[in-house]
Each structure stands twice: as C-alpha cells, then as structure tokens.
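Here is a short briefing on a protein model and its ligand. Look at the structure first, then read the points below.

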Amino acid sequence: MIRVVCPGSFDPVTNGHLDIISRAAKLHDEVIVAVLSNPSKQSLFTADERVEMLSEVTKGLANVRVAKFNGLTVDFCRANDVSAIFKGLRAVSDFEYEMQMAQMNYRMAKVETLFMTTNPLYSFLSSSLVKEIARYGGDVSGLVPDTVLSRLRERLAEE
Ligand code: PNS
C-alpha cells in the first residue's frame with residue numbers, strides 16, 4: 001500500500017494543483033491532500049474552506065482524500081503511515097526551496113520526497129498570482145476550478 005501526501009497551503013487550489021493531485025492518484029494507492037492550517041500565516045480562505053474546495057474538486061478521484069494539518073509535514077507523514085511526500089515542480093525557481101525542504105524532511109524523519117514536473121500549461125501558475133490578478137479584476141477562469149472561481153469572486157467582493 002503506497003500512500004503519498006501532497007502538502008500545501010492551497011489558498012486556493014488551482015488547476016495546477018489539481019493536475020498534480022490527479023496524476024499522483026494514478027501512480028499510487030492513496031493520495032492525501034494535506035492542507036496546512038497555519039493561523040500565523042494570513043490566508044484568503046480559512047483552512048476549512050480550503051479543505052471544502054479541495055474535497056469538492058477531487059470528489060471524482062476515488063483514492064484521494066483531503067485532510068487538514070498543523071505542525072511539521074513529517075509528523076503528519078508518521079501519524080498517517082505515509083510513504084512519501086509528493087510535490088509538483090514548476091520551474092527551476094521552485095527547485096532550490098523544494099530541494100531544501102526535501103533534504104530537511106529526510107534528515108528529520110527519513111521521509112522521502114517525490115517530484116513530478118508540472119504540466120507546461122500550468123508552469124506559470126500559483127495561488128498567489130491567481131489571488132492578485134483576481135483582486136484587481138483580472139480574468140483567472142481556466143486557471144482554477146469553476147467552484148473556486150465563484151468563491152474567489154465572492155470573497156474578494158467582501159474586501
Ligand atoms: O503551498 P505551500 O505554501 O508552498 O506549501 C508549503 C508546505 C506546506 C508544503 C510547507 O511549508 C510545509 O511543509 N509546512 C509545514 C511545516 C514544516 O514541515 N516545515 C519544515 C519544512 S522542511
């Protein structure tokens with residue numbers, strides 16, 4: 001039984017995340033999408049809202065489940081019998097930080113990290129850019145799932 005975890009902030013989930021999650025689900029028995037609930041980090045959506053959106057957009061993937069976590073990713077891995085952390089790599093700019101985290105996670109708990117290159121359609125995509133563009137009235141349709149798009153519009157209209 002190979003269970004991997006896709007950890008992240010997912011504020012909000014993008015089509016790039018979804019692409020990696022669905023490709024991870026094809027390769028492994030189970031995928032847990034773990035949403036970091038970090039009250040000290042300001043987010044547009046609460047951790048529960050992020051979990052809700054992820055659950056909605058992954059409902060068609062039978063071997064994917066969504067969870068919320070606090071603290072270290074390696075502790076989540078130990079507690080959930082996770083074989084490896086699974087991450088998407090967009091560009092060289094991601095590589096340095098991701099390699100540092102992967103090596104630190106291995107150093108702390110012998111937890112392995114697997115990387116998959118993102119679909120080039122989404123290699124420029126990030127939740128932060130989506131929020132920024134949407135905040136200034138730009139069009140982010142096609143970059144996030146439709147349900148996220150409407151929640152994004154609602155939330156930004158409240159600002
Ligand atoms: O989507 P993000 O914000 O790029 O995801 C970053 C995340 C959540 C994967 C990373 O910050 C993380 O693992 N945080 C949990 C705390 C932790 O384990 N820190 C030590 C990393 S070596």
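This is a predicted model: local features need pLDDT of at least 70, side-chain atom pairs count only at pLDDT 80 or more; totals for chains, interfaces and linings use all residues.

Residues are numbered from 1 along each chain as its sequence is written, and side-chain values use heavy atoms, with hydrogens and water left out.

**Ligand shell**
- Around the ligand are Pro-7, Gly-8, Ser-9, Leu-36, Lys-41, Gly-71, Leu-72, Thr-73, Lys-87, Met-101, Met-104 and Asn-105; a residue counts if one of its heavy atoms lies within 4 Å.
- Ser-9 has a side-chain N or O atom 2.5 Å from an oxygen atom of the ligand.
- Thr-73 places a polar side-chain atom 2.6 Å from a ligand oxygen atom.
- The protein covers 72% of the 550 Å² of accessible area that the ligand has on its own (Shrake-Rupley method, 1.4 Å probe).
- By class, this shell holds 5 nonpolar, 5 polar and 2 charged residues. Ala, Val, Leu, Ile, Met, Phe, Trp, Tyr, Cys and Pro count as nonpolar, Asp, Glu, Lys and Arg as charged, and the others, Gly among them, as polar.
- The largest share of the shell, 3 residues, comes from α4. Helices (H or I, at least four residues) and strands (E, at least two) are DSSP runs, numbered from the N terminus.

**Largest pocket**
- The ligand sits in the largest pocket, as more than half of its atoms lie within 2 Å of the pocket's grid points.
- A pocket is an open set of points on a 1 Å grid over the protein atoms alone, where a 1.4 Å probe fits, with protein on both sides within 12 Å along at least five of seven lines; lining residues have an atom within 4 Å of a point.
- Its volume is about 1200 Å³, the space filled by probe spheres set on the points.
- Of its 44 lining residues, Pro-7, Gly-8, Ser-9, Lys-87 and Glu-98 are the closest to the centre.
- The largest share of the lining, 8 residues, comes from α4.
- The lining divides into 17 nonpolar, 19 polar and 8 charged residues.

**Backbone**
- Most residues other than glycine have a negative phi, and most peptide bonds are trans.
- Asp-11 and Pro-12 are joined by a cis peptide bond, with omega about 0°. Pro-12 lies in the loop between β1 and α1.
- Asp-81 has a positive phi, near 55°. Asp-81 is in the loop between α3 (73-79) and β4.

Notes:
A polar contact is a pair of N or O atoms within 3.5 Å; within protein, one must be able to donate a hydrogen and the other to accept it, and residues adjacent in sequence count only if both atoms are side-chain atoms.
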